[in-house]
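Here are some notes for a colleague who is opening this structure for the first time. They are arranged as numbered points, each on one topic.

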There are 2 protein chains.
Amino acid sequence: MPIKNKTSLDSFFNPQSVAIIGASAKPGKVGNDIVVNLKNSFGGKIYPINLDDKDIEGLPAYPSILQVPRAVDLAIIVIPAQFVPKAVEQCGKKKCANIVIISAGFRELGPVGMKLEKQVEKIAQKYQIRILGPNCLGYISNLLPINASFAKTAPAVGKIAFLSQSGALGTAVLDLAQAQKLGLAYFVSLGNKLDIDESEVLEYLMTDKKVKVAMAYLEDVRNGTRFMEIASALSRKKPLVVLKAGKTEHGQQAVSSHTGSLAGSAQTYRTVFNQVGAIEAEDLEDFVNLAKGFSLQPLPRGNRVAIITNAGGPGVLLTDLLPANGLTLASLSVTSQKKLKAGLPEAASVKNPIDVLGDATADRYQLALEQALKDDKIDAIIIALTPQKMTDIAAITKTVGQISRRSQKTVLACFMGEASITPHYELFSRYSLPVYAFPNQAVATLGQMWRYNQWKKNNLKTKPTIKPLTSSKTPKILNKKTLTEIEVRQLLKPWGFNFHRAVFARHLAEAEAAAQNIGWPIAVKVVSPKALHKSDVGGVKLNIKSVIELERAVKQMKKNIPAVSGFLIGEMVTGFEIIVGMKRDRQFGPLVMVGTGGIYAEVFNDVSFRIAPFGPAVAREMIKELKVAKILAGARGQKPLDIEALADILVRLGKAACQLPRITEVDFNPVMVGAKGQGAKIVDARIISQ
Amino acid sequence: MPIKNKTSLDSFFNPQSVAIIGASAKPGKVGNDIVVNLKNSFGGKIYPINLDDKDIEGLPAYPSILQVPRAVDLAIIVIPAQFVPKAVEQCGKKKCANIVIISAGFRELGPVGMKLEKQVEKIAQKYQIRILGPNCLGYISNLLPINASFAKTAPAVGKIAFLSQSGALGTAVLDLAQAQKLGLAYFVSLGNKLDIDESEVLEYLMTDKKVKVAMAYLEDVRNGTRFMEIASALSRKKPLVVLKAGKTEHGQQAVSSHTGSLAGSAQTYRTVFNQVGAIEAEDLEDFVNLAKGFSLQPLPRGNRVAIITNAGGPGVLLTDLLPANGLTLASLSVTSQKKLKAGLPEAASVKNPIDVLGDATADRYQLALEQALKDDKIDAIIIALTPQKMTDIAAITKTVGQISRRSQKTVLACFMGEASITPHYELFSRYSLPVYAFPNQAVATLGQMWRYNQWKKNNLKTKPTIKPLTSSKTPKILNKKTLTEIEVRQLLKPWGFNFHRAVFARHLAEAEAAAQNIGWPIAVKVVSPKALHKSDVGGVKLNIKSVIELERAVKQMKKNIPAVSGFLIGEMVTGFEIIVGMKRDRQFGPLVMVGTGGIYAEVFNDVSFRIAPFGPAVAREMIKELKVAKILAGARGQKPLDIEALADILVRLGKAACQLPRITEVDFNPVMVGAKGQGAKIVDARIISQ
């Protein structure tokens with residue numbers, strides 16, 4: 001699919017006239033809901049299309065879009081699936097370039113529906129029509145405004161753009177947004193994504209100053225590479241919060257490498273989101289909480305948090321949650337402590353958390369908040385409240401809201417309870433105060449806001465572009481599906497990997513000569529196309545110290561393993577065991593991995609991933625994310641290890657994987673990392689190709 | 001404090017007459033709220049006590065409790081702190097044996113308040129008065145019923161007993177319970193716990209059939225050992241859900257052992273809760289969600305979950321969360337699939353998740369739920385709903401509620417949204433249907449219900465009783481604060497630990513003789529009271545293979561380390577490195593630890609704890625909890641290791657720690673675990689005593 005013209009969604013989201021094909025006069029019908037929603041939201045022309053009715057909701061109806069006397073910018077189709085192709089054809093003839101297909105009954109029903117969807121796609125391409133859906137709720141823009149959906153609740157105006165691949169989930173979030181008066185700029189129900197997909201909508205949102213945060217519920221991504229480009233560019237401008245469904249691996253294709261088994265689909269998406277700076281919501285609840293925080297408050301400039309509370313216990317609960325979310329309890333300045341001491345009752349705590357006591361009214365919150373906003377040692381403030389006897393929630397909200405609106409510091413509220421709190425949703429919204437019922441929600445949101453702000457500052461902008469080799473330049477050896485270690489070494493030679501020193505020997509005499517040359521002790525590995533998992537068949541012997549031991553090893557391997565073509569005689573390498581690998585993802589390309597090696601590899605799952613290509617800075621970042629990074633950096637008085645050499649292997653592997661797209665999986669296991677300056681050596685390598 | 005008579009809280013929670021000392025005629029005053037709350041809830045006699053007013057809320061008031069004409073079973077005190085001792089004295093004279101002290105101004109204010117509290121305690125002991133508080137909200141029993149609190153919202157009748165050490169947090173939870181119509185049996189605000197503490201209330205609740213679940217918000221525990229006894233006995237009968245505040249380590253005392261640094265206060269509490277079968281809530285939100293599930297639904301008998309949903313996306317979100325919560329997506333029986341296929345529309349999914357489609361009305365949920373309840377392959381059911389156009393939430397709730405009430409399977413609801421959902425709280429409550437707004441809440445609750453049911457079935461009932469040695473039997477060597485390794489070996493000899501073979505040598509000649517005797521290679525460790533961290537000062541040399549190497553090592557150590565009294569010449573031990581340790585907790589006793597040893601110890605934090613004493617079954621359980629348990633059991637075709645020998649070390653260490661209470665910290669690091677049947681040897685040991 002060609003990349004669409006950047007501005008092409010402008011007319012889609014800003015029509016001046018709309019036709020509803022399948023409009024209905026009957027209340028309760030979807031075709032009626034849409035007309036009503038449009039009438040209540042849209043200032044342009046509305047043309048209901050219906051064969052029988054002449055008047056729908058007070059508007060003149062037409063039997064066909066072709067009979068509408070003026071131009072139609074957008075058509076909304078709500079007729080049974082089998083009639084959709086004809087309707088799209090008519091739109092084309094009418095020169096209506098934008099269509100929302102609400103109707104279901106397409107690819108989601110299997111092959112028959114898929115065929116119908118392809119038919120629609122063909123017609124749309126013929127007339128250069130843009131399509132949202134099919135099988136969607138439609139869209140809402142509170143900016144134009146227009147409600148081109150059959151959503152029963154219209155969200156308030158706000159700064160969130162919300163994309164949903166599931167209409168039902170969209171409904172649930174809109175229902176919640178309605179209750180909490182959470183404002184939206186856009187709601188886009190993506191449906192089957194026949195044409196318009198997440199990447200294109202996100203690209204459209206990039207330059208829209210009225211959109212402060214983009215939220216996307218995704219079940220898959222249409223074009224992985226394109227998504228990464230767009231999401232990465234968008235994230236540099238505004239936060240993109242993603243909820244990805246489908247973390248469980250169902251019917252995943254069989255993988256045969258160690259890396260493959262660690263790099264599941266959820267891991268791939270997590271890597272992608274991290275790499276492009278998108279904020280991945282843990283779950284639906286987190287998704288909604290993040291939207292609230294990101295859309296209503298500025299990003300924290302640091303991680304030092306002050307808590308202002310009317311009760312001790314809740315203050316402790318909030319404090320408990322800070323470290324795990326990358327936040328820290330601020331130390332108040334001496335001035336702040338003095339001012340608080342002077343203004344608050346004696347029993348109040350003027351250390352952080354600032355306890356303004358159970359009988360606190362708005363004035364005490366005001367004093368504490370104003371001081372906290374002035375204090376340079378504080379980056380963000382959580383206003384905590386429990387509904388006690390004297391607590392005037394409305395007054396406190398107004399005071400806090402008025403003060404926080406004038407500040408560039410992040411202020412979140414954690415108002416615990418429900419019966420006393422929810423009646424004030426309108427008020428919270430009016431003052432752009434994100435209110436959370438539970439400490440974990442407020443702290444997790446603040447933590448992600450801080451993390452995102454750090455990403456924005458630190459993200460590494462240079463990204464190499466590496467193209468696949470032409471087929472004439474691709475080594476012929478890749479025509480084989482599995483390669484021996486010798487072949488792997490040959491294949492990868494041009495990329496300059498540092499393999500441990502090893503020599504191929506056809507028989508014992510050559511092996512002896514090689515061993516003398518390398519120096520005892522040595523390692524012997526069998527070379528046989530039938531022994532892919534060499535260790536499992538006794539095809540690896542380490543620490544061989546003499547000719548006698550060597551002879552014994554060679555004889556045993558010849559006896560036990562079929563199709564032995566020779567032996568790899570290698571130096572024994574010491575160092576810290578690391579695993580490096582690659583698995584190619586169909587959507588996103590080569591996923592490169594680094595992790596703790598040896599027997600601990602499977603136990604601790606200490607791994608880090610990136611989509612290649614990437615440069616050394618990203619490779620170092622990957623290594624830093626490992627738990628064993630401490631050991632690599634030289635923990636407990638040990639010498640630091642050669643992180644640069646390890647990073648170099650990662651970069652080269654990423655490059656090779658980009659240039660050789662036929663390779664599907666790579667395991668370098670182990671890579672022995674020596675002391676700083678001593679390099680890192682690949683001791684065993686496996687490659688699986690298509 | 002002596003353990004109270006088991007039945008002594010009976011009269012406390014079931015008074016027939018109540019006096020309010022500090023009652024007020026003025027609306028808005030706490031002393032008025034309490035009178036009003038009592039009038040609205042309590043069938044017995046109410047005696048307001050006030051010096052000036054003669055009539056309070058239509059009840060005759062008395063100037064002093066001594067002037068009340070009849071017996072008073074319970075007094076509630078709401079006068080300023082400094083007058084409380086006198087009031088308690090008067091209660092004593094009146095033979096009123098139960099008091100709730102609402103008044104604040106005691107230990108929470110520091111030394112002066114603490115003195116006042118001690119004064120009250122003394123008077124209470126003189127008259128054998130039981131006291132709840134001071135500095136609390138009071139209590140509510142919906143069973144008697146009585147509302148002896150100034151909580152502004154009275155909860156509905158239900159099966160939850162809720163204890164809160166923070167009044168404000170209690171208020172927040174009551175506020176939430178009121179909104180959600182979540183029913184309580186008891187609410188007890190513990191306050192400063194001058195007398196009645198969490199253990200005693202939990203003990204009281206143990207036999208109360210009307211209480212189905214106990215919830216406790218705790219900031220500390222009064223008596224650790226007693227709490228463990230009670231909580232453990234209670235957990236065998238009904239779930240105890242705990243929210244512990246204070247996870248951050250503030251001003252924690254300095255610890256000098258490796259074990260000490262891993263065994264913080266949060267870790268200790270987590271260990272205790274796990275060991276007694278209490279369910280620790282992750283946060284306040286989890287606490288409330290768990291209360292809902294445990295109080296309203298039966299425990300799941302297995303972990304196979306069916307999901308019935310009116311939308312695909314939400315079904316996937318729920319499915320995604322199952323594995324991390326110990327649950328699994330059930331495979332429906334063939335019969336179920338047939339029945340569903342026959343009864344549901346063609347587009348419906350009759351595999352799990354069962355998708356009854358967006359236009360589903362109550363009848364489709366009914367069909368699916370009835371079938372799921374009959375299906376032997378299903379243990380629990382989550383009813384998922386998004387508020388779509390045709391969704392009749394009330395009708396679906398009624399249908400689901402009526403069917404689920406007749407079943408012994410666990411049914412939870414995940415109704416996503418808010419505006420359309422919250423108006424039905426009353427209905428959810430009527431049908432005992434726990435409803436969650438988000439998938440993560442429903443799945444986490446179900447996971448904990450399943451985990452608890454497993455604990456109930458599997459918990460190991462035998463617990464050894466081990467008493468400290470008398471001081472005459474305690475080895476004199478413990479008078480020293482730090483011990484050399486030789487002294488540690490001597491001290492621990494009676495407990496039969498398996499130390500690696502080692503001989504003390506005063507000088508080189510003795511060292512040589514010892515080495516010859518043990519056999520090369522050997523390890524040399526310095527013995528010096530000035531070298532506690534032997535490795536850090538070059539006091540350990542491993543793998544010494546000859547007399548020359550030995551001589552060099554001994555000379556170097558003598559030169560570099562002060563106060564060398566000799567050397568420990570030890571065998572080199574191979575095996576898998578494990579760390580074992582103990583840290584004594586002031587409240588709960590010896591906390592025994594096992595974990596991954598060597599350089600990975602600090603990196604992976606792979607540790608498991610129990611409070612000693614315990615037997616081998618518990619020790620094996622500890623080992624099984626480690627991530628390296630896989631390796632110990634023989635991962636990747638390796639031989640299994642000697643888990644029994646390691647378990648034996650843990651049991652012996654627990655026993656020694658119980659018998660020698662002066663030992664505060666122990667590190668056995670490393671313990672080398674050999675192949676199965678080959679034993680496990682302690683290679684290095686450190687002890688810190690008081």
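1. Terms of burial. A residue is called buried when its relative accessible area is under 20%, exposed when it is over 50%, and partly exposed in between, with a 1.4 Å probe and protein chains only. By that scale Leu542(A) is exposed, because its relative accessible area is 55%.

2. Basis of the values. This is a predicted model, in which local features need pLDDT of at least 70 and side-chain atom pairs count only at pLDDT 80 or more, while totals for chains, interfaces and linings use all residues. Residues are numbered from 1 along each chain as its sequence is written, chains are lettered from A and ligands numbered from 1 in the order in which they are written, and side-chain values use heavy atoms, with hydrogens and water left out.

3. Chain A as a whole. Helices (H or I, at least four residues) and strands (E, at least two) are DSSP runs numbered from the N terminus, and chain A has 23 helices and 30 strands. Its C-alpha atoms fill a box of roughly 95 × 80 × 35 Å along the principal axes, and of the 690 residues in chain A, 60% are buried. Taking contact to mean heavy atoms within 4.5 Å, one finds that 72% of the contacts in chain A between residues at least 6 apart in sequence join residues at least 24 apart.

4. The surroundings of Leu542(A). This residue belongs to strand β23 (residues 540-544) of chain A. When residues up to four places away in sequence are not counted, Leu542(A) touches Ile522(A), Ala523(A) and Met572(A). Arg489(A) is 53 residues from Leu542(A) along the chain, and 20 Å separates their C-alpha atoms.

5. Helix α14 of chain A. Residues 393-405 form this helix of 13 residues, and the distance from its first C-alpha to its last is 18 Å, close to the 18 Å expected at 1.5 Å a residue; the expected span is 1.5 Å times one less than the number of residues. The buried residues of α14(A) include Ile393(A), Ile396(A), Val400(A) and Ile403(A). Among the elements that cover them are α13 (362-374), β18 (380-385), β19 (410-415) and α15 (425-430) of chain A.

6. Helix α17 of chain B. This helix (residues 485-492) is largely enclosed by the rest of the structure, because seven of its eight residues are buried.

7. Cavities. On a 1 Å grid over the protein atoms alone, a cavity is a set of points where a 1.4 Å probe fits but cannot get out, and lining residues have an atom within 4 Å of a point. Of the 13 residues that line the largest cavity, Leu483(B), Thr484(B), Glu485(B), Ser528(B) and Ala531(B) lie nearest its centre. Strands β22 (522-527) and β30 (685-689) of chain B each supply at least two residues of that lining.

8. Cysteines. With a disulfide defined as a pair of cysteine sulfur atoms within 2.5 Å, the structure holds zero disulfides over all chains. Cys96(A) is in none, and the nearest cysteine sulfur, that of Cys91(A), is 4.8 Å away. Cys96(A) counts as buried because its relative accessibility is 1%, and Cys414(A) is buried at 0%.

9. Backbone points to check. The peptide bond from Trp520(A) to Pro521(A) is cis, with omega near -10°, and Pro521(A) sits in the loop between α18 (508-518) and β22 (522-527) of chain A. A cis peptide bond also joins Asn669(A) to Pro670(A), with omega near 5°, and Pro670(A) is in strand β28 (residues 663-673) of chain A. In chain B, Lys193(B) has a positive phi near 55° although this residue is not a glycine; Lys193(B) lies in the loop between β11 (184-189) and α6 (198-206) and is buried, with a relative accessible area of 3%.

Terms used:
1 Å grid on protein atoms, 1.4 Å probe; cavity = no way out; pocket = protein on both sides within 12 Å on 5 of 7 lines; lining within 4 Å.
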